[in-house]
Amino acid sequence: MGCGSSVATETQEKKVEIDETVKTPSPALTMKAAVLIQRWYRRYMARLEMRRRYTWNIFQSIEYAGEQDQLQLSSFFSFMLDNFTQLNGNGPDLISQLLDPVVDPWLDKETCYSLIQVPQSYTGPRLSFPLSVSDTNALLSAFKEQQILHARYVLLLLYETKKLLKQMPNIIHVSTSYTKEITICGDLHGRLDDLLLIFYKNGLPSAETPYVFNGDFVDRGKKSVEVAILLFAYLLLYPDYMHLNRGNHEDHIMNLRYGFTKEVMQKYKTHGREILQLFQDVFSLLPVATVIDGKVLIVHGGISDQTDLDFLSSIERHKVKSALRFPRRSLEQLDISQYCRQAKRMRSTDGSRPSSSRTHSRNQRTPNQSRKRQCGLSRQDSAASTSSSSSSSSSSSSLCSPRTPSCLSPRPCSSSPRMPYSVNVLQVPFLDSLSSVPLPSPPHHEQEWKQIVDILWSDPKPQDGCSPNTFRGGGCYFGPDITQRLLLQHGLQLLIRSHECKQEGYELCHSGQVITIFSASNYYEEGSNRGAYIKLGRELVPRFYQYQVSRTTRKLTLTQRVRAAEGSALRALKEKLFAHRSELMAGFQQYDQNYTGRVSVSEWAQVLESVLRLDLPWRTLRPLLVRLAPDASVQYQSCFEDMGPGISLPQVTPNLAETLFRYRTDIEIIFNIIDKDHSGLISIEEFRHTWRLFSAHLGVAIDDSAIDDLARSIDFNKDGSIDFTEFLEAFRVVHKLDTKDQQYNEKRNGEKYSCGD
Amino acid sequence: MAESSHNDLSEIHKKIKAAFEVFDYQANNTVDVREIDTIIYSLGCFPTQADIHCFIGQVEEDHTGYIHLDRFLPAMSKVLLENKFPPISEDVLLQAFEVLDKENKGYLEPEELTKYMTQEGEPFSQEEMDEMLTAHTDPEKNCIFCKDFIDKLNLEPDK
């Protein structure tokens with residue numbers, strides 16, 4: 001590219017000059033040479049920065065899209081509980097046992113834990129209560145050595161933590177007057193290395209070094225159990241100097257999807273369920289906010305225009321076991337217009353359809369209209385419509401309807417049972433028992449739930465106003481005016497929150513009135529971001545400390561980090577494409593009626609955005625995803641070329657394979673619930689029944705014979721049971737071109753856990 | 001050629017918008033002025049720092065620190081159509097290196113390179129210098145080999 005002639009001339013000029021000057025170039029020439037190199041280098045770095053940005057965008061989009069899917073899963077559970085009393089004769093207890101377990105009186109007695117035997121061969125810490133510094137030190141050493149704490153001590157620790165937390169108020173008030181500085185940390189997400197690094201750099205929790213940990217201790221990372229145990233241990237040891245806020249991942253339904261449940265089950269095969277039960281109780285008992293010197297408010301997510309700290313102080317926080325088990329009545333208020341998945345960056349002030357050109361080009365209205373008729377998830381009448389224009393204070397609904405699975409769009413709903421909207425008898429999912437209890441006043445109950453969800457799930461936005469957070473599916477987007485108002489109302493000067501990953505580990509917004517602090521470095525990928533923590537002294541001026549945990553001792557260059565992160569992001573993105581292959585192809589073919597296999601770049605970008613709804617810079621990403629034909633049009637099939645399913649199952653139709661691939665995480669979760677004895681096997685009947693339920697809920701038209709064929713083909717041993725690990729393996733995507741990287745990643749991500757009971 | 005020039009313009013507009021979009025965090029068609037150089041580079045141009053400052057002067061909105069697409073688009077289109085900041089070919093880069101490598105060693109010492117980059121031309125910041133050295137210094141010989149330097153800088157997906 002570029003103009004050939006002028007470059008050649010420049011080259012020639014240069015050559016001549018060099019010949020003349022031989023070994024001593026003139027200062028002018030030196031300067032010219034330096035400028036050239038600098039120019040070139042800066043351009044190179046700028047392009048690298050560009051790649052880093054969109055890599056970041058990819059990770060974030062996929063992450064938040066995943067959180068929306070989570071909502072769908074929980075609505076599926078609700079659906080199952082409502083409509084199917086029998087799941088192979090095991091009743092709703094099967095599902096509800098994990099979701100809303102009946103209070104087992106046995107579980108509340110601490111003597112039974114002391115009855116658990118610890119084998120002689122166990123070399124890990126043996127805790128004694130009340131805890132002392134030697135106990136916490138023992139835990140630190142043990143975890144550094146990759147040891148696992150025995151289930152007996154986990155249960156005792158959790159039980160003690162539960163007792164302690166019961167005495168705490170919803171909002172903890174802390175003062176700096178007795179201490180030097182308070183350290184505030186953000187999301188850790190099971191990253192033990194980051195926690196240890198913080199302790200190393202900043203000191204262990206103590207009277208001189210008090211801490212606030214702002215939620216999201218678990219999920220995603222591999223050491224969530226260890227992180228939680230350490231935090232709770234220090235809480236027990238120093239209840240006055242250690243403060244924990246609840247995050248949106250301190251939620252047993254989130255844990256089902258994002259790895260904590262799995263980690264516990266794998267590390268504690270015998271006592272896993274009891275441990276999870278106690279974690280569930282502990283999580284719901286965590287305080288939701290901390291206030292320092294009456295001036296600095298710390299919450300995990302953010303606030304909404306409805307947030308009222310006095311009201312928040314008064315509610316019974318433990319009743320909100322999960323943000324995802326919403327009060328029945330809220331479902332009625334879900335308006336179909338909230339299906340419109342606004343891009344994370346597009347947070348319009350009044351919540352009405354954003355008028356920017358990007359939305360128009362996406363044609364969101366038409367597909368949504370058709371979905372409205374097909375999917376039975378929400379009411380048609382807009383009488384109770386909480387429209388998305390939610391700048392007014394009373395009507396912002398805190399829970400948005402889940403994003404309709406795009407598989408619904410071309411096909412009509414098969415006969416899926418409608419969700420019954422019985423307002424009279426209200427199921428109470430928050431209490432420990434499953435009985436239907438008449439609530440005192442549903443709206444009040446909802447308000448309480450909403451207060452907590454807003455605190456745990458909201459994100460700040462640059463524009464004024466408060467709108468539902470459709471991106472995440474819960475909480476709100478709150479603008480600078482909302483922040484200002486709340487701070488004034490309560491005499492506060494600063495809001496510290498977490499919940500969002502930031503490249504530098506922290507970020508300020510709303511003119512410095514809001515700080516986001518995030519403590520899991522390399523969250524998306526090695527080198528993707530720094531972690532950080534805040535230190536706050538009596539003058540209440542925050543100081544930021546950053547770090548980055550690195551697995552290799554050698555310092556990675558920006559180039560290497562960007563390459564690694566980019567590779568990982570692209571792989572994830574390609575899997576998304578693969579998971580929606582048939583829809584994408586249908587979209588492309590609309591523009592390619594003559595089956596040439598090509599469409600224009602614009603058309604390609606348009607199809608991708610309308611199907612995937614990730615709001616990514618598709619044109620910029622194009623070279624990495626798909627090939628161009630000589631006439632500069634896109635060969636749209638080339639983006640699927642280097643990927644394929646793990647195992648080919650001949651009886652499986654491509655459509656079914658794709659659906660299974662897309663929902664494999666959800667399916668895995670369901671299997672894990674059904675598989676009570678953790679054998680890794682479920683019966684064919686259970687599989688069939690579950691799949692029918694799930695597909696009915698999704699509205700996917702898969703006929704029974706296809707399911708039966710599938711079940712039979714997966715039953716490799718022909719013994720009537722399915723090894724679902726093998727089954728799920730089939731629906732992983734293999735990237736044919738980079739098997740070496742793949743194997744490396746698998747090794748990293750698929751670590752086998754050793755057992756702690 | 002005449003018809004395709006109209007298509008070219010619309011294609012150029014699309015390219016510019018796509019690059020702009022990546023940095024438009026508030027989705028209101030503005031970007032922070034500090035991102036402009038990245039955007040210009042990513043569109044295939046090789047401006048000097050002086051070129052960039054001049055360009056910003058033309059398109060910035062009265063010291064708000066933001067640049068709006070409405071002004072960026074025509075200015076950038078002109079740049080692309082007129083090829084105002086043409087790329088530097090590899091040969092030229094090689095020769096530039098050779099100019100600095102007075103003794104024709106085929107490599108530069110880190111101190112030499114640092115001196116040139118931070119004192120001559122449009123000097124690097126400390127951060128830029130550190131990154132260049134980390135990325136390009138051969139760990140064993142502790143010097144920057146000319147050929148490696150140029151090869152690495154050429155490794156990027158284009159087209």
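Biologist: Which residue does Glu566(A) meet in a salt bridge?

Modeller: Keep in mind that this is a predicted model. Side chains of opposite charge can pair when their charged atoms come close. Here the N to O distance is 2.8 Å, and the partner of Glu566(A) is Arg51(A).

Biologist: How many residues apart are Glu566(A) and Arg51(A)?

Modeller: Glu566(A) sits in helix H18 of chain A, residues 558–579, while Arg51(A) belongs to helix H2 of chain A. Both residues are buried. The pair ties together distant parts of the chain, and the separation is 515 residues.

Biologist: Glu49(A) has another salt bridge; what is the distance between the closest N and O atoms of Glu49(A) and Arg53(A)?

Modeller: Both residues lie in helix H2 of chain A, four residues apart, which is again about one turn. Arg53(A) is buried, with a relative accessible area of 15%. For this salt bridge, the closest N and O atoms are separated by 2.6 Å.

Biologist: And how many salt bridges are there over all chains?

Modeller: Some of them share partners: Asp459(A), Arg497(A), Glu500(A), Lys502(A) and Glu507(A) are joined into one network that way. Counting over all chains, the total is 25.

Biologist: What about cysteines: how many disulfides come out over all chains?

Modeller: A disulfide needs two cysteine sulfurs within 2.5 Å. The sulfur of Cys54(B) is 14 Å from the closest cysteine sulfur, in Cys45(B), so that is too far for a bond. Cys143(B) has its closest cysteine sulfur in Cys146(B), 11 Å away, which is also too far. Over all chains, the count is zero.

Biologist: Is Cys143(B) buried or exposed?

Modeller: Start with Cys54(B), which is partly exposed at 49% relative accessibility. The cut-off for buried is under 20% relative accessible area. Cys143(B) has a value of 4%, so Cys143(B) is buried.

Biologist: How far apart are the centres of domain 1 and domain 2 of chain B?

Modeller: Domain 1 of chain B covers 2–81 and domain 2 covers 90–153. Taken over C-alpha atoms, their centres are separated by 30 Å.

Biologist: Last one: over residues 579–614 of chain A, how far apart are the end C-alpha atoms?

Modeller: That stretch is one of those listed by UniProt, in an unreviewed entry, as "domain: EF-hand". The chain there is 67% helix and 6% strand. Its end C-alpha atoms are separated by 14 Å.

Technical notes:
Residues numbered from 1 in each chain as written. Chains lettered and ligands numbered in written order. Predicted model: local features only at pLDDT ≥ 70, side-chain atom pairs only at ≥ 80, totals over all residues. Heavy atoms only, no water. Domains from an automatic or database assignment. UniProt positions renumbered as here; feature names shortened; annotations may be inferred. Helix = DSSP H or I, 4+ residues; strand = E, 2+ residues; numbered from the N terminus. Buried < 20%, exposed > 50% of the residue type's maximum accessible area, 1.4 Å probe, protein only. Salt bridge = Lys/Arg side-chain N within 4 Å of Asp/Glu carboxyl O.
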